[in-house]
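Colleague: Please take a close look at one part of this model, the charged side chains and their surroundings. I would like to know where they sit and what they connect.

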Amino acid sequence: MIEKIKEISIHYDELAKRLSDPQVVADRAVYTSLMREHKHLTPIIEKYNEYTAHEVSYKEACELLETETDAELRALAEETMLADRQALSECEKELKILLLPRDENDDKNVIIEIRGGAGGEEAALFAADLFRMYTMYAETKGFKYEVLNLYETELGGIKEISFSISGEGAYSRYKFESGVHRVQRIPETESGGRIHTSTVTVAVLPEAEEVEFEINPADLQIDTYRSSGAGGQHVNKTESAIRITHLPTGLVVECQDERSQHKNKERAMKILRSRLVDMERAKKNAEIASERKSQVGTGDRSERIRTYNYPQGRVTDHRIGLTLYKLEQILNGALDELIDALVTSDQAEKLKGAQE
């Protein structure tokens with residue numbers, strides 16, 4: 001491991017030199033790429049420097065113990081040696097995690113799609129609650145969000161919504177949210193006071209750039225139509241809504257939230273491109289069984305990942321067996337405890353896989 005870090009350290013120094021080269025600075029694309037790589041390697045180098053500092057201190061303390069006769073100095077050296085040994089062990093653990101292969105999508109923006117599932121209007125109302133939860137969490141992280149497409153119900157629920165969240169590391173924080181979210185509560189529409197179980201499906205896609213996936217215009221069927229919405233809220237008299245069908249895969253994307261046909265087309269293409277890239281990624285994951293074993297859940301949209309139980313005020317993540325009695329806080333965007341636990345579990349699985 002240390003030999004690998006030494007190689008990384010040499011590469012890190014080379015990157016620093018290239019980043020100070022005027023020709024590199026002048027090329028925005030190259031400079032941005034190198035800066036991103038430099039930033040990813042910085043935590044490894046900083047932790048390695050911490051490791052080497054403790055290593056030097058440990059060796060000095062050992063030498064002092066071998067040569068020193070003064071009892072007080074020997075006790076101090078022994079205390080230092082024990083502290084450095086503990087610190088070295090912690091640094092090694094952290095370096096192993098830092099050296100795990102990075103998800104190439106972690107720094108990307110995301111497109112989140114939420115759809116009401118079983119439960120009719122109650123599912124649509126909970127879909128609206130999840131949308132609120134994710135956007136409130138985005139605000140705590142300094143991320144920005146934008147609604148790309150929205151189909152509402154008359155009672156304020158959401159049949160379907162697509163929205164983007166932009167910010168550094170957005171995908172790394174939302175990527176474990178894909179799957180079926182189950183809610184258990186007494187619906188507002190239920191007069192008998194019985195607890196109902198409804199489901200909502202969430203899909204989290206890393207936002208794909210045009211250079212990542214080129215779409216052949218001949219593969220697209222583009223239709224326009226008049227947008228519509230609950231209670232006439234989004235009704236438009238012009239044909240500004242867009243429906244794009246990707247003929248080779250049969251994928252259909254609709255966008256009607258903007259009154260501009262051009263903007264709706266742009267947003268629909270953004271969603272389509274991200275879905276197509278996600279399909280390719282899912283196909284690769286399916287081909288590599290070992291990679292699937294090292295993930296917290298498969299990201300499969302049919303996988304039930306979490307239950308929100310209102311009567312008991314609890315949220316349970318079924319993938320890692322974590323239950324938190326903080327339903328209200330979580331629905332108000334306090335997702336860090338859940339997400340950090342999922343990240344830690346994922347890292348532990350990957351470490352286990354790397355050692356096998």
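**Charged pairs and the sheet around them**

Modeller: Arg 306 is buried, and Glu 177 is buried too. Bear in mind from the start that this is a predicted model. The two residues make a salt bridge, with 2.8 Å between their closest N and O atoms. Arg 306 belongs to strand β9 (residues 304–309), while Glu 177 sits in the loop between α6 (170–174) and β4, so this pair ties together parts that are 129 residues apart in sequence. Elsewhere, salt bridges with shared partners link Glu 113, Arg 115, Glu 160 and Arg 275 into one network.

The background is simple: side chains of opposite charge can pair when their charged atoms come close. The count of salt bridges comes to 21.

One of them joins Asp 129 to Arg 185, whose closest N and O atoms are 2.9 Å apart. Asp 129 is in helix α5 (residues 121–141) and Arg 185 in strand β4 (residues 179–185), so the bridge ties together parts separated by 56 residues in sequence. Arg 185 has a relative accessible area of 9%, so Arg 185 is buried.

Another salt bridge is formed by Arg 267 and Glu 146, with the closest N and O atoms 2.6 Å apart. Here the arginine lies in helix α7 (residues 261–287) and the glutamate in strand β2 (residues 144–152), so the pair ties together parts 121 residues apart in sequence. Arg 267 has a relative accessible area of 10% and is therefore buried. Glu 146 has a relative accessible area of 34%, so Glu 146 is partly exposed.

Inside the order, β4 and β9 pair in the parallel sense over 5 bridges. Within this pairing Gln 184 stands opposite Asn 309 in β9.

Strand β7 (residues 241–246) pairs with β8 in the antiparallel sense over 5 bridges. Thr 245 stands opposite Val 252 in β8.

Ala 341 is part of helix α10 (residues 336–355). With 24% relative accessibility, Ala 341 counts as partly exposed. Apart from neighbours within four places in sequence, Ala 341 is in contact with Ile 320 and Leu 322. The C-alpha atoms of Ala 341 and Ile 320 are 8.1 Å apart in space, although the residues are 21 apart in sequence.

For the chain as a whole, there are 10 helices and 11 strands. Of its 356 residues, 41% count as buried. Among contacts with a separation of 6 or more, residues 24 or more positions apart account for 62%. The accessible surface is about 19,600 Å², and 49% of this belongs to carbon and sulfur atoms.

Lastly, confidence. The mean pLDDT is 84, and 87% of residues reach 70 or more. Over residues 231–236 the pLDDT stays under 50, and the model has 15 contacts beyond four places in sequence for this stretch. Residues 288–300 also have a pLDDT below 50, with 23 contacts in the model beyond near neighbours in sequence.

Notes
Residues are numbered from 1 along each chain as its sequence is written. This is a predicted model: local features need pLDDT of at least 70, side-chain atom pairs count only at pLDDT 80 or more; totals for chains, interfaces and linings use all residues. Side-chain values use heavy atoms; hydrogens and water are left out. Two strands pair if DSSP finds at least two bridges between them. Helices (H or I, at least four residues) and strands (E, at least two) are DSSP runs, numbered from the N terminus. A salt bridge is a side-chain nitrogen of Lys or Arg within 4 Å of a carboxyl oxygen of Asp or Glu. Buried means under 20% relative accessible area, exposed over 50%, partly exposed in between (1.4 Å probe, protein chains only). Contact means heavy atoms within 4.5 Å. Accessible areas come from the Shrake-Rupley method with a 1.4 Å probe; for residues, only the protein chains shown count as cover. pLDDT is the predictor's confidence in each residue, from 0 to 100.
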